[in-house]
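Here is a short briefing on one structure. Look at the sequence and the model first, then work through the points.

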Amino acid sequence: MKFIQNIFDASRPAVTSGKLKPLYPLHNALETMMFVPDHNAKSGAHVRDAIDLKRTMITVIFALIPALIFGIYNSGYQHYKALGLLNNDIGWLQFFTLENFLFGALKIIPMIIVTYIAGLGVEIYFAYRNKHAVNEGFLVSGLLIPMTMPIDMPLWMIAISTIFAVLIGKEVFGGTGMNILNPALTARAFAFFAYPSFMSGDKVWINTTLGPGEALVDGYSGATALGQYATTGSTTFSAWDAFLGIIPGSIGETSTILILLGGIYLIATGIGSWKIMFSSLLGAITISLIFNAVAPSMISPEQQGFLSIPFYFHLVFGSWAFSTVFMATDPVSAAHTERGKWIYGFFIGFLGIMIRVFNPAYPEGMMLAILFMNVMAPLIDHYVVEGNIKRRLKRLKLSVK
Amino acid sequence: MSKKYTIRKGLNLPLFGEPIKELKPSKFVSNYAIRPSEFIGLKPKLAVKVGDKVKAGQAILFDKKNERIKIPSPISGEISAIQRGPKRRLDQIVIRANEKCEYLNFGVKTALKKDEIKNKLLESGAWTLLKMRPYGCLANPDDSPKAIFINGMGSDPFASKPGFSLKGKEELFSRGLEVLKQLSDRIILSIAQDENSDLLNNANDIEIHRFSGPHPSGNTSVHISRVAPLNKGEVIWTIAAQDVAIIGKLFELGELHLDRTIAAGGSGMKNPQYYEVRGGQSMKTFFSEETNKGNYRFISGSVLSGESIGKEGYIGLLAKQVSVIPEGENTDFLGWVLPGFDKYSFSKAYFSWLFPNRKYNLTTKLNGEERAFVVTGQYDKVFPFDILPNQLLKSIWAEDIEKMEELGIYEIIPEDFALCEVICTSKQPLQEMVRKGLDILYNEMN
């Protein structure tokens, strides 16, 4: 380790003065990533917890990795399945193959790299401009963004969406800790509205390229389960496949079981708010049950079909699980008060499922629901804070009497 | 009237070096010092100059805002130095002690009236043992407090337990209680659930409440919040049980004896135990004899909110404990990525949670760098008040006085945020922020 430290020590003078000064935040970020600094407590408490923002963020990344690796396999699996190269009799036994992994990895790893370069580039520029250290928040956003994208998303679109998200979603509000919207979802929303043909429909979820320049001509239907529901009122996928994740969808969202695993890890470590996750579950179940009750009175059979599906379908199809565990729990854009988190989470589940069912143009209601609740979170907090203030005033009045 | 309260939110840090209940007697110490910074709200004005002879109990400093408030000398001797810092700020006043301590006598007349008692406390400097809420600063003798809270417990790491440190001083404690009873109609003593010392034998006509649970169950703010919450415009005085005995002795003998039985803990102590120490004394000999060799931080007070005084420093005039813990020295290669089986964390983000009963030799390391507030809901787990900690801190940050008041800044002092500061992911200096908020408010109100 000494020689790594020596490299940092030797290069430090070059970036603390002179032309390379703009690189200091990068140097500092890399150095503190290699070595947790030996800074000592100067004021206040003399002992401190081992946790810091880096550990918090890496914990979220640990929680994301199973779903990511699964997504890599799944993109390969869906690809080869669409091309008809798989033996239909043994189905998912051909899932964890090297070919699937390599196909997915060659697609997805460049997406991750591009996202990190684009996002951290903006972060480092602002760190230099505003003279602060690079915040670690983007470590997670940079992994979340590719995981919410379809497999064939062009890299330059990902880069532009990421830059937009960091600039408009975060830095204009004052940087990490100040943003109102979840940066990863801002990137996805930008991509969704800027490049709709790459982000929605039936064609984008599975790569059907045969070779360079050649695509599968007659349409293999690559619709997601929610897409099918919106058009036909039923799906060809089983809830069990969806729970395992062997269905088309955004890269990271398909495997409910691995997302659940990540969620359990986040709750167990105390990093993710169980209140938000749990109340989002309650919200999703509530609206599903309401839909089940009113389904018979719908006019079209498609709508009747979509409304009458049991609640657990909603939990395993689409991005409810991924959004609830990894997006809704972003502490900066969520409600900040503990009571507020209950309300915030509930409406994310409630509205997310509602949008996905009522508006077939947006089968992914979760994204919009979370962005909407991000905007509403300060209002929720306001009422919780007012409640606290009122209790205090009431006590004062009682004591005056 | 006696009630039991269980505090659920909080945290006892699993540290090595808990003092055992054995007492080591005092030694003669030749140097003493007064540090004005120890007295919150004091605008110090010197009452002595270098070379002056003083007796124990004689005023060394006045408060410029209220000259009745005096900071007493803990010992008799000669003023040997007056040290100043930047902008001629008074840093410390050093006193070289006589072999035999002479005490100024303040009389032993009994059956005093309220004003006479106040005057005697002010004259002898024992008044500085009382603090007021809000602000946690020196009490103002012109106020009439709605209650006086006596803190008879200690839940800080390595805290001195009054049941042990007041052993043999029970009579003086009762005498002190009698005095305090003259100052307020409501005297509230809070003690630990398992305290069964003789302290309580003569504690008549006062409210006694028992508290249990993890730290901060022993913080006075917690006791106030449960027993008699402080509202805007009200004043409460607070005092430590050990200091009640000092007041008792003042009225018994007419002399101010600032010696206490303090707890000394931490992994830097050879034998963590109790010692007889006088407030303000030089700790040079103490530390060189009683601590291990190595790079340590020497703290007057607790590891949560005490003051680092250095190996040759002086213990605070009001301190009830000292703590000696190692300074952090090395960087930590990839410390944030590795499992961290040996890293203490209140969260379970490091795998040390697999060993819940383990104790740690925590250093003064920050374990990270300061960052913006990101994580929410973290402080609430160790903050047993009906106060929204993040929102209150943000209102302080924004210097929004009205919001600070509304969100309950009157009900807390910096030490109540110590645990939040320990577990803070963003390594924000919370106690400093709270002090700043209270100062802003104090300056606005006075």
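In which loop of chain B is the place of Phe158(B)? Phe158(B) sits in the loop between strand 12 (147-152) and helix 2 (162-165) of chain B. Helices (H or I, at least four residues) and strands (E, at least two) are DSSP runs, numbered from the N terminus.

This is a predicted model: local features need pLDDT of at least 70, side-chain atom pairs count only at pLDDT 80 or more, and totals for chains, interfaces and linings use all residues. Residues are numbered from 1 along each chain as its sequence is written, while chains are lettered from A and ligands numbered from 1 in the order in which they are written.

**Chain B as a whole**

- Chain B has ten helices and 21 strands.
- The radius of gyration of chain B is 21 Å, close to the 22 Å that the globule rule gives for 446 residues, so chain B is as compact as a globular protein of that length. The radius is taken over C-alpha atoms, and the rule is 2.2 Å times the number of residues to the power 0.38.
- Its C-alpha atoms fill a box of roughly 65 × 50 × 45 Å, taken along the principal axes.
- Of the 446 residues of chain B, 52% count as buried. A residue is buried if 20 or more other C-beta atoms lie within 10 Å of its own, exposed if 12 or fewer, and partly exposed in between; C-beta atoms are placed from the backbone.
- Take the contacts in chain B between residues at least 6 apart in sequence: 69% join residues at least 24 apart. Two residues are in contact if their C-beta atoms, placed from the backbone, lie within 7 Å.

**The nonpolar core**

- The largest nonpolar core has 221 residues. Such a core is a set of buried Ala, Val, Leu, Ile, Met, Phe, Trp, Tyr and Cys residues joined through C-beta atoms within 7 Å.
- The largest share of this core, eleven residues, comes from helix 3 (residues 53-82) of chain A.
- Ile95(B) is among the residues with the most contacts inside the core. Leaving aside neighbours within four places in sequence, Ile95(B) is in contact with residues including Tyr32(B), Val54(B) and Ile75(B).

**Where the chains touch**

- The contact takes 64 residues from chain B and 50 residues from chain A.
- On the side of chain B that touches chain A, the largest share, four residues, comes from helix 9 of chain B.

**Helix 4 of chain A**

- At 1.5 Å a residue, the 32 residues of helix 4 (residues 98-129) should span 46 Å; the end C-alpha atoms are 45 Å apart, which agrees. The expected span is 1.5 Å times one less than the number of residues.
- Helix 4 of chain A has a kink of about 30 degrees, centred on Ala105(A). The bend at a residue is the angle between axes fitted to the seven residues ending there and the seven starting there.
- Just after this helix, Lys131(A) takes a positive phi of about 55 degrees.

- Phe158(B) has a positive phi of about 60 degrees although it is not a glycine. Phe158(B) is buried, with 26 other C-beta atoms within 10 Å.
- Arg88(B), also not a glycine, has a positive phi of about 55 degrees. Arg88(B) is exposed, with 7 other C-beta atoms within 10 Å.
- A cis peptide bond joins Arg133(B) and Pro134(B), with omega about -5 degrees.
- The peptide bond from His215(B) to Pro216(B) is cis, with omega near 10 degrees.
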